[in-house]
Each structure stands twice: as structure tokens, then as C-alpha cells.
Amino acid sequence: MKLPLRILFAVAALAVVSFNSSAQTYNYREKGYKGSFSLTDHYGVFVGIETSHGYMFDRHNYLGVGIGGFVFPNSSHPTFVDAFLDYQNYLRDKSSTPVLGIKTGFMHGFNYDENVNIKIRNAVFVEPNVGWSWGLKSGKGLTLGLGATMIIPVDDSRADKKVLPMPKLSFSFEF
């Protein structure tokens, strides 16, 4: 099995464990441990999965770290993995609330090929996002989010070193 597939398999296994885990309290927005698992889509360009685990400081503020991976439907393009810091602010006390957030981190492309149009091997990214979170009766939550990932190459992978903006849709299960 190739390395990118192993990494995606490991993230998927972590997601299965996440679905069977529970936070320290009945409600995922109470103070204490919180985690999430997300399916992402950069509007058909590439699709992926992410997981984030961290701490709810109060009913409004979450800070965590996460990992993820995304692939292009066309297999000739690189497979990417990323590690990130994740902050979210739940704006209201109600179980259904708008959410503002920001992610920042590092991404690395595997199976990089000089002949493809996407010439990013290593990059940092910043992703402001907005969404809506719905609390479930089980104490878990669902969030639908829209982000704007700004990818900034950090090595010789792009001669022009331009910031690449990429819209992102995500659907998250929170526990």
C-alpha cells in the first residue's frame, strides 16, 4: 500500500474511533475535551477528511489540533496531508448557532510530479471559515461550514509563490 493511502487509512480509522467516542460531558459544547470528524470538498477540485481534537474553554471557545488528507479525483495529481491548529467560536448559547473559525497549518504533497499543473509540494495555509452548528439530542453536534483556504507555497514548488485561494465546504460530526 502506498504511503498516502496508508495515511488516509489511518485518518479513516481515527474517524471510526471518533464516532464511537464521547466527550467528557453529555454536551459537546461544555467545558472539556471536544473532537470532530469532517468530510471536505474544495468544490470538486479535491475531496478529503479531517479530524480535530482539543479543548472547549467555555460554551463559546474551542482550540484544537488536527490532521487531514485530501486527494484529487484525477490520480495523476499529488495526494496531500495536513496538520493544523483549529479555533472555533460558537456565537450563541443555543444548541443551534452560527460558528466562526480559523485554521492554520502546514500541508505536504506526496507522489509529486513535475509534469502536473499543481506544483505544490509544501505549503502553509490559513483558512477563515463560517458555518452553522446544530446540537443533537444525543449531546453530539453537526456543523456545515464554508471556508476560504489560502495556500502559500514555502519551497521551490512554485516559482511565482502566489497565494492560491480555494473555497471549501465541510460537513462535521462533533463529539
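Predicted model: local features only at pLDDT ≥ 70, side-chain atom pairs only at ≥ 80, totals over all residues.

Modeller: Residues are numbered from 1 along each chain as its sequence is written, and side-chain values use heavy atoms, with hydrogens and water left out.

Biologist: What makes up the overall pattern of the protein chain?

Modeller: The chain holds 1 helix and 8 strands, in the order α-β-β-β-β-β-β-β-β along the sequence. Helices (H or I, at least four residues) and strands (E, at least two) are DSSP runs, numbered from the N terminus.

Biologist: How do you know how confident the predictor is, and where does pLDDT stay under 50?

Modeller: pLDDT is the predictor's confidence in each residue, from 0 to 100. The chain averages 83, and 75% of the residues score at least 70. Residues 21-25 stay under 50, and the model has 9 contacts for them beyond four places in sequence. Contact here means heavy atoms within 4.5 Å.

Biologist: In what order do the strands of the closed barrel run?

Modeller: The closed barrel of 8 strands runs E1-E2-E3-E4-E5-E6-E7-E8, with antiparallel pairing. The twist averages 25° from one strand to the next; axes are lines fitted to C-alpha atoms, for helices over the stretch in contact, and angles run from 0 to 180 degrees between N-to-C directions.

Biologist: Why are E7 and E8 called a pair?

Modeller: Two strands pair if DSSP finds at least two bridges between them. E7 (residues 141-153) and E8 (residues 164-174) have 11 bridges, in the antiparallel sense, and therefore qualify as a pair. Thr-143 stands opposite Ser-172 in E8. E6 and E7 are also joined by 11 bridges and run antiparallel; Gly-131 has Gly-145 in E7 as its bridge partner. In the hairpin of E6 and E7, with 5 residues between the strands, Gly-139 takes a positive phi near 90°.

Biologist: Why is Lys-168 called buried?

Modeller: Buried means under 20% relative accessible area, exposed over 50%, and partly exposed in between (1.4 Å probe, protein chains only). Lys-168 has 4%, so the residue counts as buried. Lys-168 is found in strand E8. Beyond its neighbours within four places in sequence, Lys-168 is in contact with residues including Glu-50, Lys-103, Glu-127 and Gly-145.

Biologist: What makes the approach of Lys-168 to Glu-127 a polar contact?

Modeller: A polar contact is a pair of N or O atoms within 3.5 Å; within protein, one must be able to donate a hydrogen and the other to accept it, and residues adjacent in sequence count only if both atoms are side-chain atoms. The side chains of Lys-168 and Glu-127 make such a contact at 3.0 Å.

Biologist: Why is the pair of Tyr-55 and Phe-57 called edge-to-face?

Modeller: Rings of Phe, Tyr and Trp (its six-membered ring) pair if their centres lie within 6.5 Å; planes under 30 degrees apart count as stacked, over 60 as edge-to-face and the rest as tilted. The whole structure has 6 aromatic pairs. Tyr-55 and Phe-57 lie 5.0 Å centre to centre with 70° between the planes, and are therefore edge-to-face. Tyr-55, at 33% relative accessibility, is partly exposed, and Phe-57, at 46%, is also partly exposed. Ring pairs also link Tyr-33, Phe-173 and Phe-175 into a cluster.
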